[in-house]
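Please have the sequence and the model open while reading.

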Amino acid sequence: MLTAGLMALKYPDFGQVFLSEEGKGLKERGTVTTYLKSKNELQYIGMPVGGIACGCVYLGGDGRLWLWDIFNKNQTGVIYKDIPWHEKIQGNMAVLRPFDGANYVEPVKDVRPLDQGFAIKAEWEGKTVIKRLLAEDWDEIAFDATYPMPTIRYTSSEFPVEVSLKVYSPFIPLDEVNSGLPATVYTFHLKNKTKAGVNVSLTGWLENKAAIYTAADDQYTRVNQPLKNGVTMSVRNKNWADDAYYHKSDYGNLSIFSLNQDTMVNTGADLKNETLFNKENKAQSTGNFNEKLTGSVNNTFMLAAGESKDLHYAFTWYFPNLSFYSIKNEDKRFYAKQFKSSAEVGEYVMKNFAMLSSQTQAWCDTWYQQSTLPWWFLERTFLNTSTLATTTAHRFSSGRFYAWEGVGSCAGTCTHVWQYAQAMARIFPALERDTRERVDLGVGFHEDGHIGFRAEYDQQPAIDGQAGRVLGIYREHQMSKDDAFLRRNWLKTRLAIEFILKQDRNGDGMVDSQLENTLDAKWPGAIAWLVGLCVAAAKAGELMAEEMGDHEFARTCKAFAEKGKSAMEKELFNGEYFIHQPDPKIGKTVLGSYDTCHIDQVYGQAWAYQVGIKERIIDKEKTMSALKALWKYNFLTDVGPYLQTHHGGRPYALPGEGGLLMNTNPKNDPEPFGVKDAWQVTYFHECMSGFEHQVAAHMIAEGMTDEGLLLIKTIHDRYHAKKRNPFNEVECSDHYARAMASYGAFITASGFEYHGPKGYLKLAPKIKPEHFRSAFTAAEGWGTYGQKKTESKQNHSLEVKYGTLKLKNLCLEKIGAGKLKNVMVLLDNKHVKTAVKMNGREFSLEFEEEITIPANSTLMVEIY
């Protein structure tokens, strides 16, 4: 039953009060989220700052790197640990493991398998002060939480130099190769704040921990070798017969580089004395397997009064041996195809530094600085993209992308989890296209059209994963420059859709086969969220079939979608929300959601917004009623009272924290889920951020913008740095893939629709449309979209920052009242011949000829 505490939370009374009191300012621009040493907000920060699919290196709040999960250990969780809990989890043990939320309840901190850091010495007017990148060395440290390029500022009353730092791995949307470098870059900005000259010496160091698990006896020698501007570190095996060593998971090397002139290199640095700043050693240094051997780089220079200087450094690694038991013929990381050592990685970074750094900065400026969306919203909707830079995500030398659900948990790039994620498809669409083709329609594909939901690991179908991958194929087609991807894969795509249509056993348009779903059970009956998702997949099938000229199949899909929509609205809507209709033969004798208020009940319509499907998947009025029911029954500002009477769920929200519950029981059914003893029942009592992000994105799309924003802000607050790592949204292990649904909220807040092969783009912002700017990504380019209303006109602009944008049709919305009188379109101040079509508030600009907007060019639309 619902607790009294939950029963008291009624929509609209509670919801409206909470929104009016707590939701003030949610739409305001605000300022960047800055975590402070003085507020004890740095200890849990772990921002992934390695390349995508290169392992995981964390940036700590003090500016040092930690965790160093680059050695292919393949453990569950960023670290594995069991912690005692006050009740049994999922009917199992009174213990939390990483996939139960151990690292949510007891956040990981200060895991340092190797030593890395910087120290800066200032000499002026007879004084000498040395500071390290350690919290205790500074009066204040301020960490700006802007993934992928945060800024850290260091303050000390006794230090004569202003110090700020940016740490990142090159991150360039649409360029998955240069965004997948096993490298972390440090850029220091130093400014002399005195009226006297200051002699500054900056040293960075890295400990040799190659073969971190294997080098355990005297047959191994640590070796540091000098490079022109750095040190490379490896382990030599003195046992010549041990060929297996070269195939060990931790076989490889690390390097440290200075990207500056006049660099002093030391292959055997001593961190305990002044020689750290003034000793040079360009000879090879060696040490026993159990001895600490550290390489360093130093730059020393004079800063005149008021003078500033930037210095750049890079840490690189190369541990190429990645393999998983069930995946055959794949045993190397993708970066091993490009490079033969960490030294080569560093040389590449140095050679291409201007491009890598400027394009990373350009994206960060585009996403954060040049947007009008709230800072906190931009941070939370984008930071989960960092999951790609953790050991959740991998890429083999063949180019294949492979992922867990969360770090080391649940194998096989699981379709029913990854189909929630929207970030990678928009930021690195080539990876998603390849995964659809190589995995879903390749190693995981079967002759009857079903897609094995874990590819090699589990070849059975999951109905939600199947529908989500069909919708994903449509999305990947839209994020392509032409129709070659879809045309190449159409026959298999059609078979995958046909498999879905066959799961309607009684011909009413509602799938009802008992197949696997993301809640790890095979539910019988007609289940609203699965029915709606399959209706959306059928509608996507219709649209793809029309593009492929397969008109007969388009009609088949259309008929199925229409019948399914009608049946769902008639049979599964209880007057307030959508339910699970039990199988008439079995009844409520097995696990199901039945008459409860389930978080995903209108998920099919949510997916439709992500891919710009115009026709409703589910009736607007009924969809709104369902979303309001979720807000009424499932949203809590404090889950504590609910958890007192609902036991066994994994603690992804703790007492005192808010969230959207997976399922609630508004009808007070004594057996709401059919059975009590199924371990999956405990899922219904949890708050899982990926599902929450999906609902929030949908709310924003439907006009429930305040509710959607407040839900995302509630998640943002749960992951405040004072409590836990802001960059690690936990579900079934750390850095859970489903959380990348957060990017979907950015899509709907921008009102973004795109179809590359058709040259179609629509933007219809939901937040402060009278003055709006935000990033956009397309098949071949990205940049900034802006619109602004003045007294007599409205201006719209598309500024391309990277690549190109090809357009035939641009759809926008009228802002405010008044009739449209005249439209002028300019590309770099040259008129573009355009036909204008109005449809309510929407106007469509159809260009006489396809236009191409190159980088550093702007398309202007002036509407009078």
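This is a predicted model: local features need pLDDT of at least 70, side-chain atom pairs count only at pLDDT 80 or more; totals for chains, interfaces and linings use all residues.

Residues are numbered from 1 along each chain as its sequence is written, and side-chain values use heavy atoms, with hydrogens and water left out.

**Cysteines**
- The whole structure was searched for disulfides (a pair of cysteine sulfur atoms within 2.5 Å), and 0 were found.
- Cys-56 is buried, at 1% relative accessibility; buried means under 20% relative accessible area, exposed over 50% and partly exposed in between, with a 1.4 Å probe and protein chains only.
- For Cys-410, the closest cysteine sulfur belongs to Cys-732 and lies 4.0 Å away, too far for a bond.
- Cys-410 is partly exposed, at 28% relative accessible area.

**Backbone geometry**
- Most residues other than glycine have a negative phi, and most peptide bonds are trans.
- Trp-68 has a positive phi, near 55°, and lies in strand β4 (residues 65-69); strands are DSSP runs of E, at least two residues, numbered from the N terminus.
- Trp-68 is buried, at 2% relative accessibility.
- Asn-856 also has a positive phi, about 70°, in the loop between β37 (842-854) and β38 (857-863).
- Asn-856 is exposed, at 69% relative accessibility.
- Tyr-147 and Pro-148 are joined by a cis peptide bond with omega about 10°, and Pro-148 sits in the loop between β9 (140-144) and β10 (151-155).

Definitions and conventions: Helices (H or I, at least four residues) and strands (E, at least two) are DSSP runs, numbered from the N terminus.
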